[in-house]
Each structure stands twice: as C-alpha cells, then as structure tokens.
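Here are my notes for your first look through this model. Take them one at a time, with the viewer open beside you.

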Amino acid sequence: MSLARLKKFVTTMTRIADNASDDDTWLRAARPVLGELVAVDDWLPDAYAAPDKQYYRQYLLHCDPLERFSVVSFVWGPGQFTPIHDHTVWGLIGMLRGEEISTPYRAGKDGGIDISGEPTRLVPGQVEALSPREGDIHQVKNAFDDRVSISIHVYGGNIGAVRRHVFQADGTIKQFISGYSNGAVPNLWDQSLAA
Ligand code: FE2
C-alpha cells in the first residue's frame, strides 16, 4: 500500500488550483491526474475503504487548505445507492474498485424530476466529470449486490460542508450538507471555513 500515489495526486492538484481560473480549466487539467490515481488499486488505506452495513460512506482523504478542492473515497456496500442529488461545484469521479452506475436527472416541467439521459456504468480506471453548468443532478448506485465498490471523488470545494440539494420523486427539494464519514478521526474540515 503506497500513499505516495495519493500524495503525488494532491501535490499536482494543488499546483492546478494555483492556476485554474474556471470549472472547464479545472476539469480539463484534473481529469487525467485522477485517471492516473485510479489506474492502480494499491494505495487506499483499509480505514478509508471500509463499508458500512447500512449506508454508503464518504471518507475525506484530503481538503485543500483554501477549500479549492477536496478528495473523498466513496465506499459502496452491496446494493447501496444515493438519493437523487446535486453538487453545486464541479466534480470528477474516478472508479477504483468494483463498478457504479450513475443516472442523470433534470428538473421536469411539471415540478417533478425526470431522467435526462442514459445511465453511465463506470469500470475501474474510468473517470466521469460533473459540471453544474451542464446539469449535475444524478443518482448513483453500486452496480453490484454482492460486493463493495469504491470510487475516488474530487470536487471544486470542501464537499462535506457544501450546502446542496436532494430531489424527491414528488418534486420536493431538500437542502443537505453531506459531512464526512471519518468517524472518530478528528477532521478539520467538517465545517467550512466560511461557516
Ligand atoms: Fe454525486
């Protein structure tokens, strides 16, 4: 297990953060860097790969001190899935282990929420981008009912502290802040610096 890969990723991302002026620049520059990180599955410590019986887990791996980006390991237990949600900041999802399925949604004319495209199935090494400008509402699930899947997420902010939304089938929109699943491990980033 080698944290050197994660450290190199964080260092490169910090250099990108010093120069990225907008979401498109970020996504273009960061996508291949995340692709390199998830190309090899030998570095994620077991503590950040542990599933929960009931809920999917979001472990914070790193948050930029200026909250320009954060890195999370997203751990799916068998059959687990998210509600339909948005992010409000750009995001990159790199599949590390197992597979996951993302279904895109958009606000419907009648006040409901509609599927807006074909589901995407991510396999290890693959990277998907999310941009609020192009619509970033989706529902994600573990593609497997009998094993754990893990993806590495990068977002354009301190995602655990970002105020965002969950969409229900009847059109109800609820605000939420996801937090992180790091449990008893002290975490400087549970709240935004701006909060
Ligand atoms: Fe998401």
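1. You will find Leu6 in helix α1 (residues 4–19). Helices (H or I, at least four residues) and strands (E, at least two) are DSSP runs, numbered from the N terminus. Not counting residues up to four places away in sequence, Leu6 touches Leu37, Trp43 and Leu61, where contact means heavy atoms within 4.5 Å. The C-alpha atoms of Leu6 and Phe176 are separated by 28 Å, and these residues are 170 apart along the chain.

2. A word on the ground rules. This is a predicted model, in which local features need pLDDT of at least 70 and side-chain atom pairs count only at pLDDT 80 or more, while totals for chains, interfaces and linings use all residues. Residues are numbered from 1 along each chain as its sequence is written, and side-chain values use heavy atoms, with hydrogens and water left out.

3. Next, the sheet. Five strands make an open sheet in the order β1-β2-β10-β4-β8, with antiparallel pairing; two strands pair if DSSP finds at least two bridges between them. At the edges are β1 and β8 (127–130), each of which pairs on one side only. From one strand to the next, the twist averages 20°. Helix α2 packs on this sheet, touching β4, β8 and β10, and its direction makes about 10° with that of β4. For such angles, axes are lines fitted to C-alpha atoms (for helices over the stretch in contact), and the angles run from 0 to 180 degrees between N-to-C directions.

4. Zoom in on one pairing. Seven bridges join β2 to strand β10 (residues 149–155) in the antiparallel sense. Here Val72 stands opposite His153 in β10. As background, strands of a sheet pair through backbone hydrogen bonds, either parallel or antiparallel.

5. Now follow β5. How many bridges join β5 to strand β9 (residues 137–142)? There are six, and the two strands run antiparallel; Thr103 has Gln139 as its bridge partner in β9. Strand β5 (residues 100–107) is also joined by three bridges to strand β7 (residues 120–122), again antiparallel, with Ser102 opposite Thr120. Three further antiparallel bridges link β5 and strand β6 (residues 113–115), and Ala107 stands opposite Ile113 there. β5 and β6 form a hairpin with five residues between them, and Gly111 in the turn has a positive phi of about 90°.

6. Which residues are the protein donors of the iron ion? They are His85, His87 and His138, each through NE2, lying 2.1 Å from the ion. Donors are N, O and S atoms within 2.8 Å of the metal (3.2 Å for Na, K and Ca); water is not among the atoms, so sites may look incomplete. Along the chain the donors follow the spacing H-x1-H-x50-H. His87 lies in the loop between β3 and β4 and His138 in strand β9, so the pair ties together parts that are 51 residues apart in sequence. Both His87 and His138 are buried.

7. Rings of Phe, Tyr and Trp (its six-membered ring) pair if their centres lie within 6.5 Å; planes under 30 degrees apart count as stacked, over 60 as edge-to-face and the rest as tilted. By this rule the count comes to six aromatic pairs. One of them, Trp26 with Trp90, is tilted, at 4.7 Å centre to centre and 35° between the planes. Trp26 sits in helix α2 (residues 23–37) and Trp90 in the loop between β3 (84–85) and β4 (91–97), 64 residues apart. Trp26 is buried at 7% relative accessibility, and Trp90 is buried at 3%. Ring pairs link Trp26, Phe69 and Trp90 into a cluster.

Terms used:
Buried means under 20% relative accessible area, exposed over 50%, partly exposed in between (1.4 Å probe, protein chains only).
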